[in-house]
Amino acid sequence: MNPTTNTSRRAFCGAAAAAALAFAHAGIVKGQAPSKPSGKFIDMHTHLGQCWNHTRELTAGDLLKWMDENEVERAVVMPVVSPEASSYPLTTDFVLTQTKPHRDRLIPFCVVDPRTTYSGGRHGLKYMLNRYVEQGAKGFGEHKPGVPIDHRGSMELYAVCGELKLPVLFHLDDQRNTDEAGLPGLERVLMANPETTFIGHGPGWWASISGGVTTPDLGAYPKGAVASGGAIDRLMDKYPNLYGELSADSGAGALSRDAKFGRAFLIRRADRLMFGTDYLSPGQQVPQFEVLAQLEVPEEVRAKVFKGNARRVLRLED
């Protein structure tokens, strides 16, 4: 046998095997339609790439493997572009490119910093965001700029997101999307944008599960019993377009610091809460699975929080 031919044949076989593995991972078998993704959860908060200088890069393959291991059907992948948001900017174009081969599992969001320079006023901003929508973006976030949550530039973004039916996932603490105790800034946002869906996340948001919160608490992770009269409950009662997602230590801590309150809160707000992890680095510890298992909420609550609400808010068709 010609050695050159033999080498070419081995190369071809290797390429064919690699292609077969890729198709198998995507659920595609020759002659069959791709299988629909299945799993217990839709994760509303993940990132690809390297967010922080102390974390490791997370590839799409890493994320999909972790999802398979943890019964996560789909995951929202969010860019972060504001200089206060992370050590390294992860652009919308990066997220769209990385998720494109896996859109059955990975759901891209888009984001624009409210201090971005653009021409054409609101029409120009809408053109920018619509470019991302046309490429598959299903939401806006992670919105995490170092300005007040009701910053003028952010208010323009919120309004345009409402027009484009993009839910806005915002981070709130004492440095990013800042506010005061009781979240009066967020209430001004909600009052001005009734057609926009907002999804709360971060230490300042989750500290506000409790009454008696001070403004410095918005940058902390409070412990102990939750007092009644929290801003989250008050605002959710008043504004039907306000949701929350359970990611990061702030989300897990808000539910577990007072298990009795946490369980009641999940049941009471079953139509407004969504599972999330903020998974962004290989091997990262994720407390949400254990916390939610320990709270033992009814099956109908799990169905909504784990997956159903995300499907509705993101308008997923399958």
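A: Happy to! The side chain of aspartate 179 reaches the backbone nitrogen of leucine 186 at 2.9 Å, a polar contact in the sense of two N or O atoms within 3.5 Å, where one must be able to donate a hydrogen and the other to accept it, and where residues adjacent in sequence count only if both atoms are side-chain atoms. This is a predicted model, in which local features need pLDDT of at least 70 and side-chain atom pairs count only at pLDDT 80 or more, while totals for chains, interfaces and linings use all residues. Residues are numbered from 1 along each chain as its sequence is written, and side-chain values use heavy atoms, leaving out hydrogens and water.

A polar atom of the aspartate 179 side chain also lies 2.8 Å from the backbone nitrogen of glycine 185. As for its place, aspartate 179 sits in the loop between β5 (168-171) and α6 (184-192); helices (H or I, at least four residues) and strands (E, at least two) are DSSP runs, numbered from the N terminus.

What about charge partners? Aspartate 179 is buried yet has no salt bridge. Buried here is under 20% relative accessible area, with exposed over 50% and partly exposed in between (1.4 Å probe, protein chains only). A salt bridge would need a side-chain nitrogen of Lys or Arg within 4 Å of a carboxyl oxygen of Asp or Glu. The nearest side chain of opposite charge, arginine 188, is 5.1 Å away; Lys and Arg count as positive and Asp and Glu as negative, with His and the chain ends not counted.

For contrast, arginine 315, in the segment after α12 (299-314), counts as exposed because its relative accessibility is 52%.
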